[in-house]
Amino acid sequence: MVTRDLALVNAQLITNTEADAEATAVLVTGGRIALLGRDAHVSARARDLGIEVRDLEGAVITPGLFDSHTHPHWAAELTRGIDFGGIDTVSELQAATAAYAATLPPGAWVVGWNLEFDAFADTGVNGRLFDHACDGRPFAAMFYDLHTAIANPAALAAAGIVNRPRFDDTSELVVDEAGELTGELRESTAYRLVFDVIPPLGHDEERDRLRDMFRRFTAVGLTGGAIMDGKPRTVDLIEEIEARGELDQRLVVHHWHAVHDDDAAITRVIAAKDRRGTLWETNAVKLFSDGVIDTGTALLHEADACGDGEHAFWPDWGRFQEVVRAYHDAGMLIATHAVGDLAVNQVLETYRGLAERDGSPAHSIEHLEVLADEDLTALAGSGITASMQPLHMQWRAPDLSDNWAARLGTRAGTGYRVRAVLDTGTRVVLGSDWPVAHYDPRIGMAWARGRHAPESASAHVFEPDQRLTGDEALRAYTLWPAQARGYMDRGLLAPGAVADLTIWGGDPVAASPEELIAIEIVATIVDGRIVHDSTPAPMAASSSRP
């Protein structure tokens with residue numbers, strides 16, 4: 001029997017409100033917070049209701065953490081095979097590939113993910129580098145940015161790619177000086193030609209991998225997130241997982257609108273916008289305006305050091321505006337990927353041209369990775385939500401030798417200006433972009449606060465004036481995402497609020513960034529159900545498992 005009633009006492013509460021400053025206990029009934037108060041008062045009320053009381057022994061309760069930008073369904077499929085993260089030489093990549101390929105049957109695809117650009121600084125990105133390691137098998141792997149992939153000739157052949165195709169957007173199959181395909185696949189329209197022919201997961205395995213990914217999220221304190229690459233199958237799987245009593249996250253699914261989607265596709269998405277369950281909803285959409293800095297596909301005010309960055313992802317910006325207007329007029333929440341400074345400005349201009357919608361949440365811009373001072377001026381008073389990921393700075397090098405900084409030159413100092421964005425009065429929310437970066441929100445908050453690798457207090461700090469406070473970082477994972485989506489009963493501890501709670505072994509606000517990543521997640525509670533419990537004596541009275 002699953003219960004959504006519980007009482008938690010002897011705790012420190014961070015409520016994100018001005019009320020209940022002296023409260024040390026929480027009573028939850030029916031999946032919502034019924035009472036905040038002192039231990040004796042809450043315990044007495046719980047006993048009257050026949051609800052078990054749990055002594056937290058001084059642990060800290062915060063509103064549940066929400067990742068504002070994540071790709072769990074894609075990750076469930078993509079994170080098969082070899083994790084290339086942290087491997088920074090081609091020879092090591094080849095060795096890892098050969099070792100994995102040796103475990104596979106003849107002819108099986110060799111797949112991987114999390115490649116880093118700097119490993120190819122001397123060789124260039126070329127799929128032929130992996131031919132020997134794969135022993136003739138098709139090889140395909142995604143770079144960490146999810147905007148670039150690599151494939152060897154066998155994989156290109158399996159996809160039926162003989163000549164270099166042309167795309168309506170800025171996607172590209174890169175060729176060398178001789179005009180030969182290198183196997184570097186830039187942007188989604190290009191790499192999907194290959195990845196769509198990789199043998200897919202079976203239905204049950206796909207569903208269970210997605211379910212298990214949500215369970216891993218709960219172990220790091222996440223109670224929910226925004227899925228930024230939704231498709232009908234994503235919704236079908238989430239609905240099935242919930243029907244099986246196995247959904248442990250509160251989710252907002254953004255349907256991914258591709259640049260080539262026509263009016264019929266818009267109609268289908270709008271027709272399904274009210275589809276929802278107890279813990280999930282689908283009234284949102286995700287678009288792209290540009291790509292990323294590392295491959296020169298981000299849209300910039302001025303070209304980068306390689307002469308790239310002057311073209312928008314959409315070949316017809318007027319069409320982008322039409323699509324945005326259609327979803328806006330249908331009452332949907334819009335999130336638009338914009339990494340480059342000019343892309344941010346163009347998306348802002350499009351949003352400003354939309355009709356007023358009383359009571360509707362503000363649309364968001366995702367990433368805002370590079371911003372000049374004039375871009376910050378444009379953000380002030382815009383009313384948009386800025387969804388940012390400071391932990392993506394983990395690939396930067398202190399000496400500016402990394403590919404990202406080399407392309408930007410002196411403009412590298414304008415990256416990830418989260419403090420400056422917040423100071424314009426723009427609401428900031430934080431996320432991981434998993435599987436681009438790790439989904440652990442403790443790491444995300446640590447980077448937002450310290451702007452350095454959180455494993456060491458002596459690590460190089462990038463733009464120290466852009467650091468957030470502990471309270472701001474927590475709110476960017478709790479209160480502000482709720483407000484951005486128009487919910488007044490989430491992201492805070494207050495009577496009537498949903499009982500999405502994260503219980504910490506220490507204070508995430510008072511801890512230093514270095515201490516923060518090591519704080520234990522004692523328990524995670526979603527809708528009043530305990531979905532993760534690290535204690536020796538689990539809170540069995542409200543177990544989330546059927």
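Me: By class, which residues make up the lining of the second largest pocket?

Reply: A lining may be read by sorting its residues into classes. In this predicted model, the lining of the second largest pocket has 16 nonpolar, nine polar and 10 charged residues.

Me: What volume does the second largest pocket have, and which residues are the closest to its centre?

Reply: The second largest pocket holds about 470 Å³ of space. It is lined by 35 residues, and Tyr144, Asp145, Val292, Asp294 and Val436 are the closest to its centre. The elements giving two or more residues to this lining are α6, β16 and α13 (403-408).

Me: Why are α9 and α10 described as roughly parallel?

Reply: The description rests on the angle between the helix axes. Angles under 35 degrees count as roughly parallel. Helix α9 (residues 263-271) packs against helix α10 (residues 317-329) at about 25 degrees, with the axes 11 Å apart; the two helices are therefore roughly parallel to each other. The crossing of α9 past α10 is right-handed.

Me: Which residues make the contact?

Reply: Helix α9 contributes Asp263, Ala265, Ile266, Val269 and Ile270, while α10 contributes Arg319, Val323, Ala326 and Tyr327. By class, this contact has seven nonpolar, no polar and two charged residues.

Key
Residues numbered from 1 in each chain as written. Predicted model: local features only at pLDDT ≥ 70, side-chain atom pairs only at ≥ 80, totals over all residues. Heavy atoms only, no water. Axes fitted to C-alpha atoms, helices over the stretch in contact; angles between N-to-C directions. Helix = DSSP H or I, 4+ residues; strand = E, 2+ residues; numbered from the N terminus. Parallel < 35°, antiparallel > 145°, perpendicular 65-115°, else oblique. Left-handed = near helix turned anticlockwise from the far one by under 90°. Contact = heavy atoms within 4.5 Å. Nonpolar A, V, L, I, M, F, W, Y, C, P; charged D, E, K, R; others polar. 1 Å grid on protein atoms, 1.4 Å probe; cavity = no way out; pocket = protein on both sides within 12 Å on 5 of 7 lines; lining within 4 Å. Points joined across faces, edges and corners; volume = space filled by probe spheres on them.
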